[in-house]
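Please walk me through this structure in plain terms.

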Amino acid sequence: MSSKFFPLVHYTPEQGKYELLPFRFEPFSEDEVVITNAVGEFHFLTRNKLNALVDHKLHPNDPEYQHLRARHFLREQNDQAPIDLLALKTRTKLHRLANFTNLHLFVVSLRCDHSCPYCQVSRQSEDKAAFDMTRETADKGLDMVFRSPNPALKIEFQGGESLLNFELIKYIVEAAEKRNETAKRELAFVIATTLSLVTIDILEYCRDHNINLSSSLDGPEDLHNKNRPRPGRDSYAKFVEGLRKARDIVGYDSVSALMTTSPASLGRVKEIIDEYLKHGFGGIFLRHLSPYGFAIKTKSYQSYDVDVWLKFYREGLDYILELNKMGIPFTEHYSSILLTKMLTADNPGFVDLMNPSGAGIAAVVFNYDGDIYASDESRMLHEMGDSSFRLGNLHKNTYEEIFTSDVLLSLLDDSFTSSIPMCSECTFEQWCGADPVFHHAMYGDILGRKPESEFCRRTMGIIKHLLEIMRTDKEAKKIFMRWANKC
Amino acid sequence: MLTMSGKVIDSTLSQSEMFSLSERRNIPHVLREQKAFIVRNSEPLPEGFTHYFIIGDVDVNIPAGVGFTHLKKAFDYLGDDDIVRVLKDGSVRTLFRASSRHNSVFLTEQCNNYCLMCSQPPKKHDDSWIIKEVRQMIPMLPRHVGSLGITGGEPTLFGDEFLDILRLCKSWLPYASMHVLSNGRSFSDPKFAEKYAAIKHPDIMVGIPIYSDDPARHDYVVQAKGAFDETIQGILNLKRLGQKVEIRVVIHKQTIDRLPELAEFIARNLLFVDQVALMGLEMTGFTRANLDALWIDPHDYRDTLSEAVAILTSYKIRVSVYNHQLCVLNSDVYPYCVKSISDWKNEYADECAGCSKMTECGGFFSSCIQFGYSKHIQPYGVKAIL
């Protein structure tokens, strides 16, 4: 090389002068740790290199030094860019908080045509007066919705079977549209429904008002029908028929499906995924069973523990990766939420994995009777006799009273993972979230003791599995990168 | 390759001058006064043009007192609205070609980087006269110019004068999409970045190189300590002000190893940039002096390039691959390959004869044809005739 140029060593920092930036680590294998920085970037490191790093003995020629400097685990004394970039990434991760509440759930009826054993809230009743939301309550709910400062507002209709009170859905949609002529928000509607009661008229209405449908598919016909009994034992057939009609009329991408993992699902994950493939879904959300309502009463919840569920999840994920490698793009949505946090500067703002908790500030629930809850889980808890997270009532309280209530503020105060004991020093804190309602329900304490927390064990289990896959399988990591950028 | 500069054969000019050319002989006299006429044949000269450029061997009668310059046949490509400058010492340079989409305005030879592979090696001497000349030229350009590059050296080194050039372009060339090639370091000064943004040019992008996620390696490639830190801050300031930024990576032996890591760095830290260009080496300037340290056959790094492109596209970053021939790359990269080499220095190799993908392929820099290119060039879809 021409002598006018200096060699690389001329630009390499002097040894041992670097500063450590905030990071955390956790043993990963016998010899290795996984290390995460202030914004959740990660790297695998041998224990020897970790010691060298901490002792300021990592040599600038060491490739690990270069990785760690580029990923903002350390900086040389004059480096300003790492501080600016870490600050920027922190702001990016938290930017959704400033928007405040986006999702508003209207429980338009508790009545349901299904009698699912694990259901938390539904009623088998003809009594509309007792279990349906009234127009007056809906109006008060809309007052709240449009008080939210969020430029995007989503209204989701929940049940029971929400279509049993379709007249009220129409009333709310049209009233919201009317208000939005002047409010000018980005307004979206979703109806949560089993699709058993959809008609051409309902679907055409959804088409004309840009309403999406969020449905349920638990797996193959026998499993789905076992999970979701209804008169005639035809829940699956109704779903398939409704799905077809909804795709025809409302549009292919306007219908999504969620699955519930009942004890009967365990061991059948491949069949369940195949069922989603068969119906042309681009992904599946492998969800654990929540401990609320009848799920606890009927002991379904106790019938499988975290380890059993993790096995189910891992088997499912393995199969899904196999599909992707075959050239069939298919996403596991829960993983993709975590991967977005692990692999990007973005934060998908998923209610169960938010920091602070998404209760009230990501989503708020208006129950059929006007009661306001911090989350869907909070109202289920109420149905079990625990009203800890009832924020008030639409007919009695103002917006200010609700959103500055002690219940909500302490829920948020106590759910910053960066200050919760054992979360604050956890290597995976940046990827995780707080679920105060869950911890309250299970352990009588919204913080919960993390070594006993199933939420913690489950999330840790998933994260470690995802890390292990990325450490050992380059092709899978490429697939994960695509999932991470879907949210 | 087109001849963009050379010596005149003969000229009546006694001082340096710049001309806008015309091939049309019958334009109104008021316009002839603003133009120099291109003489290609022996027809009598149309009267009233400010100057006459005679190209090649033309037997033409030049009336006494008429100013003319005689150029070699190599300048035969010159046409309507092109801009040519003749210096006192008899050197001539084409500054603008109206028929090209690749015009760049060159502002200075000075630079605060000293890149190993610089195609335009910087010089230290005072060349501020160039900016004055550019000021004179911009109003002479056709109003409808659709794109214009600003290059150097490091064009921002002249600070306010650089910004003045951009203001002129905004005023005189309302339809021009502007692209500035800068190392971005000047924009680390928030005040300078703010002044740049305050111009509010409707269509301008700054192309800024990052060569590694490792600051030491970037600083080495550009031969300037602390350059990485300043460049990153410059990009952040520009994006904070809503300005368009392209990241440009030249791929060579010193940058290829950490290219996937660089792609991840961009995805995690600079996701908001407008596009990323991954570029092949031009065999000119310092590259030829440092060839051993820089040259790697693109065929040998095609998998690494695929990996980097896959990372960037996963993160939905707009990616372009410049200066690469299709036959040395993996097909997953084809959709991102762009024919980017400026027309006047774009060629194809002998091996390309009969290739069925030639119209899609970006081909080579002329300098590569002359001084070296991949050993794996082979035409597509050519079958031996039995």
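How many bridges join strand 9 of chain A to strand 10 of chain A, and do the two run parallel or antiparallel? The model in view is a predicted one. In it, strand 9, residues 211-216 of chain A, is joined to strand 10 of chain A by four bridges, and the two strands run parallel. One pair in this arrangement is A:Ser215 with its bridge partner A:Ala257, which lies in strand 10 of chain A. In general, strands of a sheet pair through backbone hydrogen bonds, either parallel or antiparallel.

Strand 10 of chain A also shows how side chains are placed along a strand. In a regular strand the side chains alternate between the two faces of the sheet. Here A:Val255 and A:Ala257 point to one face and are buried.

Leaving aside residues up to four places away in sequence, A:Ser254 touches A:Asn212, A:Leu213 and A:Ala246. By contrast, A:Lys325 is 71 residues from A:Ser254 in sequence, and the C-alpha atoms of the two are 27 Å apart in space.

Another part of chain A to look at is helix 13, residues 333-343. Ten of the eleven residues of helix 13 of chain A are buried, so this helix is largely enclosed by the rest of the structure. Among the buried residues are A:Tyr334, A:Ile337, A:Leu338, A:Leu339, A:Met342 and A:Leu343. The buried set also includes A:Ser335, A:Ser336, A:Thr340 and A:Lys341. The cover over the buried residues of helix 13 of chain A includes strand 4 (42-46), helix 12 (306-325), strand 12 (331-332), helix 18 (454-472) and helix 19 of chain A.

Taken as a whole, chain A has 19 helices and 15 strands. Its C-alpha atoms fill a box of roughly 85 × 50 × 45 Å along the principal axes. For 487 residues, a compact globule would have a radius of gyration near 23 Å, and the 25 Å of chain A agrees with this. Of these 487 residues, 46% count as buried. Among contacts in chain A with a separation of 6 or more, 69% are between residues 24 or more positions apart.

Chain B has eleven helices and 17 strands. Its C-alpha trace spans about 70 × 70 × 35 Å along the principal axes. A compact globule of 386 residues would have a radius of gyration near 21 Å, and chain B, at 23 Å, agrees. In chain B, 42% of the 386 residues count as buried. Residues 24 or more positions apart supply 70% of the chain B contacts with a separation of 6 or more. The average pLDDT of chain B is 94, and 99% of the residues score at least 70.

Within chain B there is an open sheet of eight strands, with mixed pairing and the order 1-8-7-3-4-5-6-2. Strand 1 (5-7) and strand 2 (10-11) of chain B stand at its edges, each with a single partner strand, so one side of each has no neighbour in the sheet. Strand 1 of chain B runs antiparallel to strand 8 (residues 91-96) of chain B, and three bridges join them. In this pairing, B:Ser5 stands opposite B:Arg93 of strand 8 of chain B.

The two chains also meet each other. In all, 26 residues of chain A are in contact with 29 residues of chain B. On the side of chain A that touches chain B, the elements giving two or more residues are helix 2 (63-70), helix 3 (81-94) and helix 19 (474-484) of chain A. Helix 3 of chain A gives the most, with four residues. By type, the residues on this side of chain A are 13 nonpolar, seven polar and six charged. For the complex, the predictor gives an ipTM of 0.91 and a pTM of 0.92.

The largest nonpolar core has 225 residues, of which A:Phe106, B:Phe53, B:Ile266, B:Leu278 and B:Leu312 touch the most other members. Not counting residues up to four places away in sequence, B:Leu312 touches B:Ala263, B:Ile266, B:Ala267, B:Val276, B:Ile317 and B:Val319.

Technical notes:
Residues are numbered from 1 along each chain as its sequence is written. Chains are lettered from A and ligands numbered from 1 in the order in which they are written. This is a predicted model: local features need pLDDT of at least 70, side-chain atom pairs count only at pLDDT 80 or more; totals for chains, interfaces and linings use all residues. The radius of gyration is taken over C-alpha atoms; the globule rule is 2.2 Å times the number of residues to the power 0.38. A residue is buried if 20 or more other C-beta atoms lie within 10 Å of its own, exposed if 12 or fewer, and partly exposed in between; C-beta atoms are placed from the backbone. Two residues are in contact if their C-beta atoms, placed from the backbone, lie within 7 Å. Ala, Val, Leu, Ile, Met, Phe, Trp, Tyr, Cys and Pro count as nonpolar, Asp, Glu, Lys and Arg as charged, and the others, Gly among them, as polar. Two strands pair if DSSP finds at least two bridges between them. A nonpolar core is a set of buried Ala, Val, Leu, Ile, Met, Phe, Trp, Tyr and Cys residues joined through C-beta atoms within 7 Å. pLDDT is the predictor's confidence in each residue, from 0 to 100.
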